[in-house]
Amino acid sequence: MKKSFILIAAIVLSTFAMNAQELANFSFGRGPQIVSPDIQGDSVVFNLKADYATVVKLQGSWIGNGYTSFVDMKRGENNVWTVKLPLPSPEIYTYSFIVDGTSVNDPLNYMVQRDGTRYLNMLLVPGERTENYFAAPEKRGNVSNVWYDSKILNMNRRLTVYTPYGYEKGKKYPVLYLLHGAGGDEEAWTSMGRAAQILDNLIAKGLAKPMICVMPNGNPNQQAACTMGLPNAQFDWRDPAYANAYVRSLCEEIVPFIEKNYKVDVKPESRAIAGLSMGGGHTISASILYPQLFDYICPLSAAGSATAEQIAALKKAGVKLYFLACGTTDFLYKGSQALDATLTEQGLDHIFYQSEGGHVWANWRLYLNTFAPMLFK
């Protein structure tokens, strides 16, 4: 009996010890709490406690060119390094600290997004432009990861699928196929693009029709995002068998998979395709190779082009919306201008939406927020 009591006591003490180790990660009762980032009216303050640092700087996507521009931080009381800056205009920005030459994330900010292999802190500045990006309505949809088999790419692959609030009630929905750019994967639009929040808010406000949004992985050598730790396939891209392999998989495998497994309206007028950069090129290619498949086509900052004959085929197919968008300082802007000219010459009614800025997520979130209300009308 005595031995049993000692054993139980040892287990209890061990449990408390483990909990104490976990609690040690928090600063309960150890001086004033630090907040970072701290929005104060028209300013924002960044703080980092770094006891042994000698030089600390702030790098932010809104500072200079966002990559090689830094702002010095000053050491204050209790070795808290601080900098106060004017609050940038409403948007979602990313930032990190440079501590003695090493980039580190803000340990006080749980808001992060993954960009390929990088995790970056977010600074969310509220305003009219961003009200659909992170203010969640009461009626929210679901985001899930789904696996499908690809015979064309010879692997089992992962999709991200958004279903709107009320999806389970039995009606059939239109589908937006939303494609990422180079360096991204099937999580890019939900992590950096805020696609679920944007669609939730637009649908809740009655500005967009309830829709399913399918976000595939556009890297044909990947089974899924790199965070899954799965091996990549090796392809000889010079092999004609792999020409447009991903686009063919998208149109011949992913679309049928979604229409078989989800409550989907299977007519062309209930299908839309959109993509940014590389995904914009995939969008153009899919519309060219399968002109009867999608009635709504939205290339964004697109790395692609189309001939007059290809645009004529789309016009003949009866495309309902062609939404072309690009930032005026984007390195692909001239290509978008050329595509706009071809669309105009062929008499295909379209929208060329031009915004300030370059090849950045601030533009692509804006574009989704702009064209989604135009779909399936």
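**Entry 1: helix 9**

I began with helix 9 and listed its buried residues: Trp361, Asn363, Trp364, Arg365, Leu366, Tyr367, Leu368, Asn369, Thr370 and Phe371. I record here that the model is a predicted one.

**Entry 2: the chain as a whole**

I then looked up the overall figures. The chain holds nine helices and 18 strands. Its C-alpha atoms fill a box of roughly 80 × 60 × 45 Å along the principal axes. Of its 377 residues, 48% count as buried. I also looked up the contacts with a sequence separation of 6 or more, and 72% of them are between residues 24 or more positions apart.

**Entry 3: helices 5 and 6**

How do helix 5 and helix 6 pack, and at what angle? Helix 5 (residues 245-261) and helix 6 (residues 278-289) meet at an angle of about 65 degrees, and their axes are 10 Å apart. The crossing of helix 5 past helix 6 is right-handed. On the side of helix 5, the contact is made by Tyr246, Val247 and Cys251; on the side of helix 6, by His282, Ser285, Ala286 and Leu289. I sorted these contact residues by type and found five nonpolar, two polar and no charged.

I also checked the length of helix 6. Its 12 residues, at 1.5 Å a residue, should span 16 Å, and this agrees with its end C-alpha atoms, which are 16 Å apart. The buried residues in helix 6 are Gly279, Gly280, Gly281, His282, Thr283, Ile284, Ala286 and Ser287.

**Entry 4: the nonpolar cores**

Which residues touch the most other members of the largest nonpolar core? They are Tyr177, Ile212, Ile258, Phe294 and Tyr322, in a core of 41 residues. Helix 5 supplies the largest share of this core, with eight residues. Another core, of 38 residues, lies apart from it, and includes Leu124, Leu178, Ala208 and Phe376.

I followed Tyr322 further. Neighbours within four places in sequence aside, Tyr322 is in contact with Ile284, Ile297, Pro299, Leu314, Leu339, Leu343, Leu348, Asp349, His350 and Ile351.

**Entry 5: Thr94**

Thr94 belongs to strand 7, which covers residues 91-99. Is Thr94 buried or exposed? Its relative accessibility is 16%, so Thr94 counts as buried, the cut-off being under 20%. With neighbours within four places in sequence left aside, Thr94 is in contact with Gln59, Gly60, Ser61, Trp62, Gln113, Leu120 and Asn121.

**Entry 6: backbone exceptions**

I reminded myself that most residues other than glycine have a negative phi, and that most peptide bonds are trans. I then looked for exceptions.

The bond between Ser36 and Pro37 is a cis peptide bond, with omega about -10 degrees. Pro37 is in the loop between helix 1 (2-23) and strand 1 (38-40).

Asn154 has a positive phi, near 60 degrees. Asn154 lies in the loop between strand 11 (142-150) and strand 12 (155-163). With a relative accessible area of 68%, Asn154 is exposed.

Ser301 also has a positive phi, near 45 degrees. I located Ser301 in the loop between strand 16 (296-300) and helix 7 (308-317). Ser301 counts as buried, at 0% relative accessibility. I therefore noted Asn154 as exposed and Ser301 as buried.

Methods
Residues are numbered from 1 along each chain as its sequence is written. This is a predicted model: local features need pLDDT of at least 70, side-chain atom pairs count only at pLDDT 80 or more; totals for chains, interfaces and linings use all residues. Side-chain values use heavy atoms; hydrogens and water are left out. Axes are lines fitted to C-alpha atoms, for helices over the stretch in contact, and angles run from 0 to 180 degrees between N-to-C directions. Helices (H or I, at least four residues) and strands (E, at least two) are DSSP runs, numbered from the N terminus. A crossing is left-handed if the near helix is turned anticlockwise from the far one by less than a right angle, and right-handed if clockwise. Contact means heavy atoms within 4.5 Å. Ala, Val, Leu, Ile, Met, Phe, Trp, Tyr, Cys and Pro count as nonpolar, Asp, Glu, Lys and Arg as charged, and the others, Gly among them, as polar. The expected span of a helix is 1.5 Å times one less than its number of residues. Buried means under 20% relative accessible area, exposed over 50%, partly exposed in between (1.4 Å probe, protein chains only). A nonpolar core is a set of buried Ala, Val, Leu, Ile, Met, Phe, Trp, Tyr and Cys residues joined through side-chain atoms within 4.5 Å.
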